[in-house]
Amino acid sequence: MRKRWIVGVLVAAAVAAAAVAGVATRASAAPKLTNITLQLKWVPQAQFAGYYAASLKGFYKDEGLNVTLKNGGPDIIPEQVVASNQAQFGVDWLPSLLAARDKGTDLVNVAQVFARSGMTQLTWKSSGITTVAKMRGKKVANWLGGNQYELFAALTKFGMDPEKNKGVTIVQQPFDMNLFLQHKVDSASAMTYNELAQVLESKNPKTGKLFTLADLNVIKMQDVGTGMLEDGLFSTASWLKDPANQAIAVKFIAASLKGWIYCRDHVAECVSMTLQEGPTLPKGHQTWQMNEINKLIWPNAAGIGVMNKADYARTAKIAQQYGAIKKAPTAGAYRTDLATKAVALLKKQGVDVNGKSYKPITVKLTAGGK
Amino acid sequence: MSGVVVTPGLRAGFGRRAGRQAIEWIPAAVVFCLGIAVWEGAIWAFHIKQFLLPKPSDIVSSLWSDGGTLWPAGWTTFKEALGGFAGGSAAGIVVATAIGRFRALGGVLMPLAIAANAVPIIAFAPIFNAWFDPLAPGSKMAIAGVLCFFPVLVNTLRGLQSVSPRQIELMRSYAAGELTIWRRVRVPTALPYVFTSLKVASVLAMIGAIVGEYFGGSFNALGVLIRSDAQILDFQTAWAGILVASLLGLALYAAVVVAERLTIRWAPASRDP
């Protein structure tokens, strides 16, 4: 027993020494880099490929930044992580950010990366539920926890009261599509870039073949008029007060946007960078996702990352109308100056920040997204 | 007839007892109020942010403003808890009775019951949601029922087995049959044990229902609401939901206490709070 104890101590000491050595070498190799942490919204997937690319292609390093990308998950709230200073930046949907501001945090959107909403409601073609209005009296699933506002707004628009379960039964949707595939709910939420593909990667038990878009009604919130702005970068007003931090923010935003621009033009490479991060779903799924994410970003007339005032106003209005926030959001909820500077910086480097000629690719899905 | 004579005396005694109990409760109430004051004061003094810990006064105001959503959700959860409580406790009592009557059965069932009890219930929740329709209350009732089953089983069995042999000998000397002994001696002896376990189960049932809801369910349920509110940093409403859950759990507990007092007036232990 005693011998084992000694071995244990030796191993612990060796590990500690190695760790110290590792930290020391890393510090000496890059003495001038500024440490920045970015909290992502969800588990590794192509939804964050731009940040992976910025990190792996050295765009952050070029700007003098050492960026740590923190993965998200079901119980990680990026707003809380940033508000409690565990990260300088976070990625989340704009309504969630507004909700967090409503609760007394000083979070600020600094760059709106996604210009369009990827949120849809799926129904089976055989159900005949082709519109939101026809969801009356049906079981409608959503992930809740801040992801429900676009759907709730759409249901309310057609006279239902989802908050009180009147006219429609709202069901908490797990992070897979099984409830929908087993016909336990009539409609389920699906992001164009993720859950929709999960359904299309599943086999129809009746035919033994994959489901196709012909089996589904895809009701886009963007088309219903209740689409809200989704993934954007945010920080805190208190951190941004310091002009030095503002300068860091411009560099960070520029490098991040450059990553997204890179992924627009190099889909396959960005998919393999995503795969290095260890996503749950395989290559085929991530390729579909990368392509769909690009569609949400490009083209962007004002330049990627610069908040569109009208879209912001619509998001804020819907958020207030449907209880995400109690009072109208204050002016400090977003700032465009940092993103505008970042875009100018990129233009000077000769980078295309508008993607006017962007053309999506066609991705063929396979069973299980392989 | 004797009941008619006793009742007025009981009422007078009840009034005096209530007064005495009120005095006994004063220290607890003072500590409770002090705790709330310290909570509220600490937030004010240390500028604790609202999204980390809301003020008790804000939680109560949220309970008021969001009551229209919270109470119906609480009622849904309460019904699930009640169903699980009734099912789980009934099963516990039936199995305990069977084991109490047929010793051999105990050797077979008890190890299994203990093993089942050792499985953390949170691990069961997603499985139950898959077995039963996650949208039907049955899946939540099953979780609450499993939680309630074991304490009721163990305590009821203990109660049934704690009969003094002399009492049984006495009954036998009166030529009483097994059924009479069971009704006149075993059940009355076991009842205080049963009620103690029901009190434990009443609180567990509410926990079981909420744990089940954490893994999916319809929106108008406390577990789903609390989880969803916490994810949008609406901790004020989340806390209000927790408060509703506690109040409903206490109500079920109180109902068991009342039932106990009405059923076993002879046992002095039942008068202790």
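Chain A holds an open sheet of 5 strands in the order S2-S1-S3-S10-S4, with mixed pairing. The model is predicted: local features need pLDDT of at least 70, side-chain atom pairs count only at pLDDT 80 or more, and totals for chains, interfaces and linings use all residues. Residues are numbered from 1 along each chain as its sequence is written, while chains are lettered from A and ligands numbered from 1 in the order in which they are written.

**The sheet of chain A**

- Strands (E, at least two residues) and helices (H or I, at least four) are DSSP runs, numbered from the N terminus.
- Two strands pair if DSSP finds at least two bridges between them.
- At the edges of the sheet lie strand S2 (65-70) and strand S4 (107-111) of chain A, each of which pairs on one side only.
- From one strand to the next, the twist averages 35 degrees.

**Strand S10 of chain A**

- Strand S3 (residues 89-93) of chain A pairs with strand S10 (residues 231-236) of chain A in the antiparallel sense, over 4 bridges.
- In this pairing, Asp92(A) stands opposite Gly232(A).
- S4(A) also pairs with S10(A) in the antiparallel sense over 4 bridges, and Ala111(A) has Leu233(A) as its bridge partner in S10(A).
- Of the 6 residues of S10(A), 6 are buried (20 or more other C-beta atoms within 10 Å of a residue's own, with C-beta atoms placed from the backbone).
- In a regular strand the side chains alternate between the two faces of the sheet.
- Both faces of S10(A) are covered, with Asp231(A), Leu233(A) and Ser235(A) on one side and Gly232(A), Phe234(A) and Thr236(A) on the other.

**Where chain A touches chain B**

- On chain A, 23 residues are in contact with 19 residues of chain B (C-beta atoms, placed from the backbone, within 7 Å).
- Helix H4 (78-83), helix H5 (94-102) and strand S7 (169-172) of chain A each give two or more residues to this side, and S7(A) gives the most, with 4 residues.
- The side of chain A that touches chain B has 8 nonpolar, 9 polar and 6 charged residues.
- Ala, Val, Leu, Ile, Met, Phe, Trp, Tyr, Cys and Pro count as nonpolar, Asp, Glu, Lys and Arg as charged, and the others, Gly among them, as polar.

**A helix pair in chain B**

- Helix H9 (residues 222-231) and helix H10 (residues 235-263) of chain B pack at an angle of about 160 degrees, with their axes 7 Å apart.
- Axes are lines fitted to C-alpha atoms, for helices over the stretch in contact, and angles run from 0 to 180 degrees between N-to-C directions.
- H9(B) and H10(B) are therefore roughly antiparallel to each other (angles over 145 degrees).
- Residues of H9(B) that meet H10(B) include Leu222(B), Leu225(B) and Ile226(B).
- The contact of H9(B) with H10(B) has 9 nonpolar, 2 polar and 1 charged residues.

Note on methods
Two residues are in contact if their C-beta atoms, placed from the backbone, lie within 7 Å. Angles under 35 degrees count as roughly parallel, over 145 as roughly antiparallel, 65 to 115 as roughly perpendicular and the rest as oblique. A residue is buried if 20 or more other C-beta atoms lie within 10 Å of its own, exposed if 12 or fewer, and partly exposed in between; C-beta atoms are placed from the backbone.
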